[in-house]
Structure formats: structure tokens, C-alpha cells
Amino acid sequence: MFSRRVWRGALASIFSFTVLSGCSLIPGSGDAAYPTVDKALRRVDSVLDDTLTGIRPRVRWRDGPAHMSERRNSFTNDANGEMDVSRQRHLRTQVSQGKKKELLKIVSRRWEEKGFEAKEQNNGRPSLLSEASDGCIAKIDVGGSGDVYISVGVSAVSSGPSGDIAGEEGDSFPKAPSGASDYTPDLRDPYWSN
């Protein structure tokens, strides 16, 4: 029978090795579980394309830049080789107050058909967050000024830094009086805007 001291020593050794080597004790959490940044970006754009294709009547939108967010080890603050790859699309089509919940229902059904499971829903400020079995997260949200955006993100393997992905800057946006990008919808639609 092992003494408590032996057990403590064994656990401390395993913990130290895991922290210092950057390994994970969580099954399936290794690099093999995550795609490359290019594959992750294709997954993100595919979900965005499919989501917007499923909205009828069709809406118009602008692509935001594709972005990578570096993950860091919570103990050492060193990069661990994992990234979150994401992109937002902002609707240019004005969606009336009365049609916002309908839009969310359409998107929710579409995501459910594609294997996403609803995780969070807010009916006060219409928003919905869903997750697929591969860890892909999709969200639709209505901002304070009526802007509607859909964002999708998935994990990837990369040693690169956080920031926008070169060559994936997205569409240009008009400028607000403050000089920042203006995401306010600028196109009326006979169905969605009334």
C-alpha cells in the first residue's frame, strides 16, 4: 500500500510535468483535435455562408475581418499553440423591431438542422449562441442601434500571434462621425424593414 507522501509526490510530479511541458491531462485536447488556421477559417466562412443562405427573403451583409486570438497557458502565460479563429458578418439590411425575433427563429432552425445546439438565448435583446459538436460556436446578436451581426469561431492550431488574418481583411465599412467603422444597416428591404 502506498503512503500519502508517495501519492502526493506522484501527483506533484505529474502536475509539474504537465505544466512545464505544455501537455494536457484532458483527453482529446491535443493538437490533433484542432484544424489548421486555414481549415478553421474555411469552417467559419462555410457556417456564415450557410446561415445567410438560409435566410429568406435574402439579406445583404458585409464581411468583417477574420481574426485569430491566441490562447495562453493559465499558469505560465506562454502561448500554447492554440488559436480561436473567428469572423463577423454585419447585416446591411435593416431589420424592423417586429421581424428581429423571426430572424432569430430562422437562424436557430438553420443551425439546428446543421447540428448546432442552442446554448444561450436572450429574447430581451435578441441574441442566440449555439455550438456544434466540433466546438464551432455561432452567435447572432442585435446591437443597440439595430445592427445585426452573426459571428462564428472555432479553435485551431497555430504558433502565430493574435490579430487579423492577412489577406482576410473583409469588406470596407463606412465611417461613423467618431472615425470608427459604422455597422448601422444602410439598406431597406420590403419584407425585413417593415
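Which residue in β5 is the bridge partner of N122?

Analyst: The partner of N122 in β5 is S127. That bridge belongs to an antiparallel pairing of strand β4 (residues 117-122) with strand β5 (residues 127-131), which runs over five bridges. Two strands count as paired if DSSP finds at least two bridges between them. Four residues form the hairpin that joins β4 to β5.

A word on the ground rules. This is a predicted model, where local features need pLDDT of at least 70 and side-chain atom pairs count only at pLDDT 80 or more, while totals for chains, interfaces and linings use all residues. Residues are numbered from 1 along each chain as its sequence is written, and side-chain values use heavy atoms, with hydrogens and water left out.

The pLDDT, the predictor's confidence in each residue from 0 to 100, averages 84 for the protein chain, and 84% of the residues score at least 70. Residues 1-32 have pLDDT below 50, and this stretch has 16 contacts in the model beyond near neighbours in sequence; a contact means heavy atoms within 4.5 Å.

Stepping back, the protein chain holds three helices and eight strands, in the order α-α-β-β-β-α-β-β-β-β-β along the sequence. These are DSSP runs numbered from the N terminus: helices are H or I of at least four residues, strands E of at least two. Of the contacts between residues at least 6 apart in sequence, 65% join residues at least 24 apart. Buried residues account for 37% of the 194 in the chain, where buried means under 20% relative accessible area, exposed over 50%, and partly exposed in between (1.4 Å probe, protein chains only).

Now to the charged pairs. Side chains of opposite charge can pair when their charged atoms come close. A salt bridge here is a side-chain nitrogen of Lys or Arg within 4 Å of a carboxyl oxygen of Asp or Glu, and the whole structure has 16 of them. In one, D45 and R87 meet at 2.7 Å, N to O. D45 sits in helix α2 (residues 37-53) and R87 in strand β3 (residues 79-91), 42 residues apart, so this pair links distant parts of the chain. Both partners are buried: D45 has a relative accessible area of 17%, and R87 has 3%.

R92 lies in the loop between β3 and α3 (97-113) and D186 in the segment after β8 (163-164), 94 residues apart. R92 is buried at 18%, and D186 is partly exposed at 35%. Separately, salt bridges that share partners tie D45, D49, D63, R87, R89 and E168 into one network.

Finally, consider V59, in the loop between α2 and β1 (61-63). V59 is buried, with a relative accessible area of 9%. Leaving aside residues up to four places away in sequence, V59 touches L52, L91, T93 and W192. Of these, T93 is 34 residues from V59 in sequence, with 5.6 Å between the C-alpha atoms.
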